[in-house]
Amino acid sequence: MIDRIDKPTREQYEEYILKNQPFIITGIVNNWISFEKKWIPSQNIEDDYFLSILDNKEIPVREIGFEVGEWLGKTKNINFSIFWKKWREHYFNCKNEKNNNNQNNNNSYYYNNNNNNNNNNNNNNNNNNNQNNNNIDSNSNENNNNNNNNNNNNNNNNNNNNNNNNNNNNNNNNNNNNNNNNNNNNNNNNNNNNNNNNNNNNNNNNNNNNNNNNKEPKYYLASLPIQNYFKELINDFEIPEIPKEQNKNGNLWIGFKDQITPLHHDWSSGDPGMDGLHAIIIGKKLFKLFDPVLNVDCFKRKKEWGHFHQSEFDLDNEDFNKFPEAKNYKMIEIELNQGEMLFIPKLWWHHVKTLEPSISINFWFQHIGSELLKCNRLWCHMEQYLNAVFEMDTTNISNDKFIKIIKFLTNNNNNNNNNNNNNNNKNNNNNKNNNNNNNNNDDNQDKEYQDIIQQYKDDPLKLIQLPKFINSFSNAVNNPLFKNHPKKDQFKIEITEKVNQWIDEKKKK
């Protein structure tokens, strides 16, 4: 069970943050302008609010269904109107489908009553409407073959193969399997092994759901900072109190039905864990939440730079043979409806599925109280994070990317930029020469980095020991709001000591 609180006070927020426990917030989002009117799509496209203010804006979206090593999909810049018109069409299609289903469910009540009172009539109707079924009851081989042929003909209507008719006399299971194959040679092989075909069907179904058979791209507008991309929308919602105090703004999500954000916990490059709020303005989402303490040994982290907060375990295709430790996971499922907001505590694993076309806003923030939990209750996850970095797979990291990582952690890149800027200011009359010199300096510096890259790859502790990496664990103390907080210095000292102790233990092994 999860608590629901209507218009929580600041003290109630603080209570759940310090307990590191999720809860649902009501009575807030439904008072936003965006919820009441503005963001709801208009049937008349000429009256559409989003198109009227964002029509020609260029935005980065995720293109679903491409295996390109990016988490939520391939990043692509498109015109907002292209994305929004696709989403609008999808929104109204789903809405009409839902209305039709509701109407059919209401009508079924009367239909069932008629069934109970008129069994004989129903049997007669069944006989009239299902002549083919009566023919099958005669048990003749000819009728059975005809039934197979009919099924095959129906199947062939859904295939692009001209030769599928050769398999008409095979059993129904194989025919259904052949629907998912577009290879003439595979059809003959599939008929010999039903079990393999069933497995292929499961895989094909997953791919089809995500990419609609690749007939046209599906997009996901995921976590775009409103301050940067949609300033026109800033007055349409209210930033909750704690994020607002930290000058945090919201991130916009617009998703199609059945889109998924895989298992992860929230983080940034300068903070291995953040608290968050997720508010739904339109639609419905299914959140699967996992307490980090109860599930401490259940999910292995990815060992790729920038992906340490993501799980290797795929909740949508559970493979307990590959990940036997995941069998013991303990999960909370939450259907979050429009007008509701969910508090997702620091380091809680979560998986999100869009149940209906949805528009939502999330807010991330820091809290010194939950940061202190990293030193005790949540230290087990800090250890796992450190281990993932230590075991990082460097074979797939290009030298160029590794140079960027080293520059980021050593601040040399920033220093170089400052030096270059100073040189340019002093030599305004020789811009061309200065640019050439700067390029030469960058080339020389990159060569120097090339020489030390292998050292970092051979000894991951060398990377972990860099001061900027260690300081990332206490990044929250740099928040101006915590400048005079009495526990700020205590937290920085404690977490830095624990990271250094972990490093010392690794050195001994």
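Figure 1. Of the contacts in the protein chain (heavy atoms within 4.5 Å) between residues at least 6 apart in sequence, 73% join residues at least 24 apart. What you see is a predicted model, in which local features need pLDDT of at least 70 and side-chain atom pairs count only at pLDDT 80 or more, while totals for chains, interfaces and linings use all residues. Residues are numbered from 1 along each chain as its sequence is written, and side-chain values use heavy atoms, with hydrogens and water left out. The protein chain has 20 helices and 13 strands; these are DSSP runs numbered from the N terminus, with at least four residues (H or I) for a helix and at least two (E) for a strand. Of its 509 residues, 42% count as buried, where buried means under 20% relative accessible area, exposed over 50%, and partly exposed in between (1.4 Å probe, protein chains only). The accessible surface comes to about 28,000 Å², and 38% of that belongs to carbon and sulfur atoms; such areas come from the Shrake-Rupley method with a 1.4 Å probe, and for residues only the protein chains shown count as cover.

**Figure 2. A look into the nonpolar cores.** A nonpolar core is a set of buried Ala, Val, Leu, Ile, Met, Phe, Trp, Tyr and Cys residues joined through side-chain atoms within 4.5 Å. The largest one here has 44 residues, and W39, F50, L221, F230 and L252 touch the most other members. Helix α4 (residues 80–117) gives the most to this core, with six residues. A second, separate core of 39 residues includes L347, W379, Y385 and I397. As general background, nonpolar side chains tend to be buried together in soluble globular proteins.

**Figure 3. The surroundings of L252.** Which residues does L252 touch, not counting residues up to four places away in sequence? Among them are W39, L221, F230, L233 and I359. S223 is also on the list of residues that L252 touches. S223 is found in strand β5 (residues 218–225), and its phi is near 55°, a positive value in a residue other than glycine.

**Figure 4. The nine-stranded sheet.** This open sheet has mixed pairing and the strand order β1-β2-β11-β8-β13-β6-β5-β3-β4. Its edge strands, β1 (3–6) and β4 (74–79), each pair on one side only. Two strands pair if DSSP finds at least two bridges between them. Strands β6 (residues 251–255) and β13 (residues 358–365) pair in the antiparallel sense over five bridges. Within that pairing, I254 has I359 of β13 as its bridge partner.

Figure 5. Where does N20 sit? N20 lies in the loop between α1 (10–19) and β2 (23–26). Although N20 is not a glycine, it has a positive phi of about 60°. N20 counts as buried because its relative accessibility is 0%. S34, in helix α2 (residues 33–38), also counts as buried, because its relative accessibility is 0%. Leaving aside neighbours within four places in sequence, S34 is in contact with W39, I40, D236, F237 and I281.

**Figure 6. K401 and W305.** K401 belongs to helix α15 (residues 399–410). With 38% relative accessibility, K401 counts as partly exposed. K401 and W305 are 96 residues apart in sequence, and their C-alpha atoms are 9.7 Å apart in space.
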